Amino acid sequence: MSNLTKLTRVSLWLWSTLGVLSLVAVWQWMSHLYSPVFVPSPRETIVAMVGLLRAPENRTHVYSSFYRILLSLTIMSVTSIALGVMSGFNPWIQQLLKPLKDILLAIPPVALSLLVIFIFGVGTVQTVTIAVMLAFPLLYGAVLSAVRSVDRDMLEMLRAFEVGKTLQLREAYLPAVLSAVMPSMVLAAGLTVRLMIMAEIIVGMGTGIGHALSLARVHMATDDIFAWMIVMIVAVLTIEGGLLYLVKKYLLTWQAGR
Amino acid sequence: MLEFTQVTKSFSKRVILDNISFRLENSRVLAILGPSGIGKTTILRLAAGTLKSDTGAVLSDHQRVGYIFQEPRLLPWRSALANVALVLKGSKVLTGKDQVERAMLMLKRLGLEGFENHYPAQLSGGMRQRVAIARAFVIEPGLLLMDEPFTGLDLGLKASLQQMLLELLAWRPTAMIYVTHDPMDAVLLADAAIILTGAPGRITARINFDLPREHRDQLYIHDQAMKLTRILVESPDPFAKQLPID
């Protein structure tokens with residue numbers, strides 16, 4: 001992106017703005033076709049969203065969800081990176097974890113959520129567990145392949161100069177794995193947000209955006225549903241955008257000139 | 001001193017090197033020539049200790065070994081200075097500040113002052129190879145291993161890097177094994193040359209260049225290079241495919 005001219009960047013920005021406006025136009029048109037009970041207009045949704053966010057109990061829902069999302073992201077990142085690195089170095093550990101990874105990838109999210117509720121009941125731990133288990137295979141797989149694809153020539157160079165194992169990990173593995181894994185990390189973060197809301201709905205939590213969505217569904221408040229969806233879209237885009245910014249800032253410093 | 005005694009090495013049951021013996025005295029330069037795939041780089045890896053021989057012995061009394069590869073092999077996420085200082089990090093004698101200062105001095109010696117904070121992607125091919133040379137010399141190696149480091153560079157750049165290397169060797173005499181395809185390079189830089197041929201690779205010729213490096217003129221270099229070329233050309237290529245005869 002840094003190589004793009006200002007004109008190209010402005011033009012790209014204009015096209016994406018046009019994309020957003022087109023979607024809003026289709027939405028507005030749909031709201032004319034159907035009753036506001038089913039499809040509220042963009043204006044009604046914005047009014048509903050402002051109303052929602054003004055209510056203190058709804059702010060509690062947002063905080064609860066964000067707390068769970070943050071907790072899930074932390075646990076998911078730590079376990080995926082730790083187990084991915086271990087599997088990358090040790091094929092036995094990889095084989096040991098392969099069935100778990102394959103099962104988690106194949107199992108429908110709703111089925112896993114129901115299973116967790118049946119066995120462990122309802123609570124924050126359960127929703128976090130569901131989100132972590134479902135997002136784990138994506139990041140774990142990315143870390144594993146990143147460790148496996150670390151430049152062998154570079155490692156040979158470090159060994160030839162008798163650079164210690166700890167330094168090899170810090171200087172060769174960590175930056176290579178981070179730069180390869182960051183795009184997957186962004187995807188996994190977005191996925192975690194979506195899975196968390198789903199888990200909150202299925203588990204039937206008493207707080208959180210998922211709970212607020214369930215209430216809106218019961219009351220047939222489609223404007224509230226649309227408003228919460230916009231809150232979620234903003235949340236996902238903010239988290240993904242923030243992470244992408246960090247990725248670009250990190251990668252572009254040493255990839256400049258390529 | 002570095003000594004190979006009847007060394008053999010195989011990969012996946014295929015013998016690559018067979019009965020390799022040579023001795024390299026301190027501050028002497030040995031060139032190794034031979035066709036591609038004959039096992040020249042394997043000899044360097046055995047000398048560096050990153051590979052172990054199957055039979056025979058590799059004895060070395062060098063504490064520090066520098067390595068210059070065909071490609072610079074710099075860490076892309078580290079600056080030129082950090083790449084050079086990296087190989088000093090294991091030092092128990094030098095403090096972190098000393099390591100950086102020494103790396104900086106080495107970069108200056110190689111004409112890279114002002115580029116120390118550049119990442120490898122921001123440097124030209126020749127500059128990257130100079131950083132790799134600085135990295136090899138900064139540890140004050142007793143033994144330097146060079147694996148065709150000038151391959152792929154244009155003639156002018158190659159000549160200037162060779163001159164730089166000769167100056168570094170004069171400044172800090174170092175035992176060196178220099179793997180090359182080019183007989184002229186071998187005569188220019190080395191005190192002796194060995195030629196590997198056959199499959200598995202064996203030493204089939206040893207040539208000493210009696211004249212000191214600084215006294216070698218163009219005529220001597222051409223004459224000795226021709227001698228090496230003749231041996232190389234007359235050796236059958238072990239990897240040439242036999243064409244079917246009708």
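Hi everyone, let's start where the two chains meet: 16 residues of chain B are in contact with 19 residues of chain A, where contact means that the C-beta atoms of two residues, placed from the backbone, lie within 7 Å. On the chain B side of that meeting there are 11 nonpolar, three polar and two charged residues. For those classes, Ala, Val, Leu, Ile, Met, Phe, Trp, Tyr, Cys and Pro count as nonpolar, Asp, Glu, Lys and Arg as charged, and the others, Gly among them, as polar.

A word on what you are looking at. This is a predicted model, in which local features need pLDDT of at least 70 and side-chain atom pairs count only at pLDDT 80 or more, while totals for chains, interfaces and linings use all residues. Residues are numbered from 1 along each chain as its sequence is written, and chains are lettered from A and ligands numbered from 1 in the order in which they are written.

Let's take chain A. It has 10 helices and zero strands; both kinds of element are DSSP runs numbered from the N terminus, with helices being H or I over at least four residues and strands being E over at least two. The C-alpha trace of chain A spans about 70 × 55 × 30 Å along its principal axes. Of the 258 residues in chain A, 30% are buried. Buried here means 20 or more other C-beta atoms within 10 Å of the residue's own, exposed means 12 or fewer, and partly exposed is in between, with C-beta atoms placed from the backbone. If we take contacts in chain A between residues at least 6 apart in sequence, 75% of them join residues at least 24 apart.

How is chain A divided into domains? There is domain 1, residues 1–33, and domain 2, residues 40–255, with bounds that come from an automatic or database domain assignment. Taken over C-alpha atoms, the centres of domain 1 and domain 2 of chain A are separated by 27 Å.

A:Trp29 sits in helix 1 of chain A, residues 6–33. Is A:Trp29 buried or exposed? A:Trp29 counts as exposed, because it has 11 C-beta neighbours inside 10 Å. Now go to A:Ala188, in helix 8 of chain A, residues 165–203. A:Ala188 has 24 other C-beta atoms within 10 Å, so it is buried. Leaving aside neighbours within four places in sequence, A:Ala188 is in contact with A:Met76, A:Ala135, A:Leu138 and A:Leu139. From A:Ala188 to A:Val143 is 45 residues in sequence and 12 Å in space, C-alpha to C-alpha.

Next, a pair of helices. Two packed helices are described by the angle between their axes and the distance between the axes. In chain A, helix 4 (residues 91–106) and helix 6 (residues 124–148) pack at about 135 degrees, their axes 9 Å apart. Those axes are lines fitted to C-alpha atoms over the stretch in contact, and the angles run from 0 to 180 degrees between N-to-C directions. Helix 4 and helix 6 of chain A are therefore oblique to each other, given that under 35 degrees counts as roughly parallel, over 145 as roughly antiparallel, 65 to 115 as roughly perpendicular and the rest as oblique. The residues making this contact include A:Leu104 and A:Leu105 from helix 4 of chain A, and A:Phe136 and A:Tyr140 from helix 6 of chain A. By class, the contact of these two helices has eight nonpolar, two polar and one charged residues.

Over to chain B. Its domain 1 covers 2–63 + 142–234, and its domain 2 covers 75–139. The C-alpha centres of domain 1 and domain 2 of chain B lie 26 Å apart. Nine residues from domain 1 of chain B and seven residues from domain 2 of chain B make the contact. On the domain 1 side, helix 5 of chain B (residues 155–171) gives the most, with five residues.

Finally, some backbone details. B:Ser12 is in the loop between strand 1 (2–11) and strand 2 (14–24) of chain B, and B:Lys13 lies in that loop between strand 1 and strand 2 too. Phi is near 50 degrees for B:Ser12, a positive value in a residue other than glycine, and near 65 degrees for B:Lys13. Further along, the peptide bond from B:Ala199 to B:Pro200 is cis, with omega near 5 degrees. You will find B:Pro200 in the loop between strand 8 (192–197) and strand 9 (202–208) of chain B.
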